[in-house]
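Keep the viewer open while you read.

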Amino acid sequence: MSNHTKHTGAILSKLANEGSMNTAAEPNTLSVDRNESHQSAVERDLEEMMAQVVSVLPADDVRFEDALLKENLDEVLLMLVTLHDGANGKELLSTLATYFDVQLSPGIVYPALHDLEDEAFLEMHPMVRTKEYSISNEDHVRATLEATMVQHLAFGLLLSAFLPRLNSL
């Protein structure tokens with residue numbers, strides 16, 4: 001386990017103690033049970049993850065703005081390809097529309113997939129009428145997602161620390 005991963009675990013443990021997010025789950029708990037419909041397993045996983053997010057935050061409803069999703073599209077695509085256990089662009093566009101309520105054009109998503117392939121995050125598998133993408137290096141993906149997560153958590157915690165001071169200004 002890298003020092004970065006240990007540090008991330010400590011941050012998540014602290015957040016878990018302050019909220020009710022389940023961070024003790026094994027890393028592979030999002031794998032798809034082949035006895036279930038593939039799509040319903042992905043839907044279940046996304047719903048469970050969003051329920052964990054909502055349970056920790058002091059908000060009843062969590063929605064991600066389009067700009068935030070576009071800015072973090074690589075990370076979102078890596079998460080979705082993993083959840084789908086391989087996916088094509090059409091599946092990813094559909095999942096983005098359904099679960100993130102964002103309508104991204106193929107002209108945004110497909111170049112991002114190609115870039116992730118060029119950067120050795122994804123492998124492309126040509127199919128009859130489409131291309132399917134799968135994770136090529138899980139450790140590389142995990143490190144990248146953890147680094148992004150730490151950046152977002154740090155910024156959120158900074159804002160959280162500032163808000164009480166706003167009232168005293």
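Which helix gives the largest share of the lining of the second largest pocket? That would be helix 5 (residues 89-100), with three residues. Bear in mind that this is a predicted model.

## The second largest pocket

This pocket holds about 190 Å³ of space. Its lining is made up of Met-50, Asp-61, Val-62, Arg-63, Phe-64, Thr-98, Tyr-99, Phe-100 and Asp-101.

## A pair of rings

Two of those lining residues, Phe-64 and Phe-100, turn up again here. The structure has one aromatic pair. The ring centres of Phe-64 and Phe-100 sit 6.0 Å apart with their planes at 50 degrees, so the pair counts as tilted. It ties together distant parts of the chain, 36 residues apart: Phe-64 belongs to the loop between helix 2 (38-56) and helix 3 (66-71), while Phe-100 belongs to helix 5.

Are the two partners buried or exposed? Phe-100 is buried, with a relative accessible area of 10%, whereas Phe-64 is partly exposed at 30%.

## Helix 4

Over in helix 4 (residues 73-84), the 12 residues span 16 Å from first C-alpha to last, close to the 16 Å expected at 1.5 Å a residue. The helix is mostly covered, with nine of its 12 residues buried. Among them are Leu-73, Val-76, Leu-77 and Leu-80, along with Glu-75 and His-84.

Definitions and conventions. Residues numbered from 1 in each chain as written. Predicted model: local features only at pLDDT ≥ 70, side-chain atom pairs only at ≥ 80, totals over all residues. Heavy atoms only, no water. 1 Å grid on protein atoms, 1.4 Å probe; cavity = no way out; pocket = protein on both sides within 12 Å on 5 of 7 lines; lining within 4 Å. Points joined across faces, edges and corners; volume = space filled by probe spheres on them. Helix = DSSP H or I, 4+ residues; strand = E, 2+ residues; numbered from the N terminus. Phe/Tyr/Trp six-rings, centres within 6.5 Å; stacked < 30°, edge-to-face > 60°. Buried < 20%, exposed > 50% of the residue type's maximum accessible area, 1.4 Å probe, protein only. Expected span 1.5 Å × (residues − 1).
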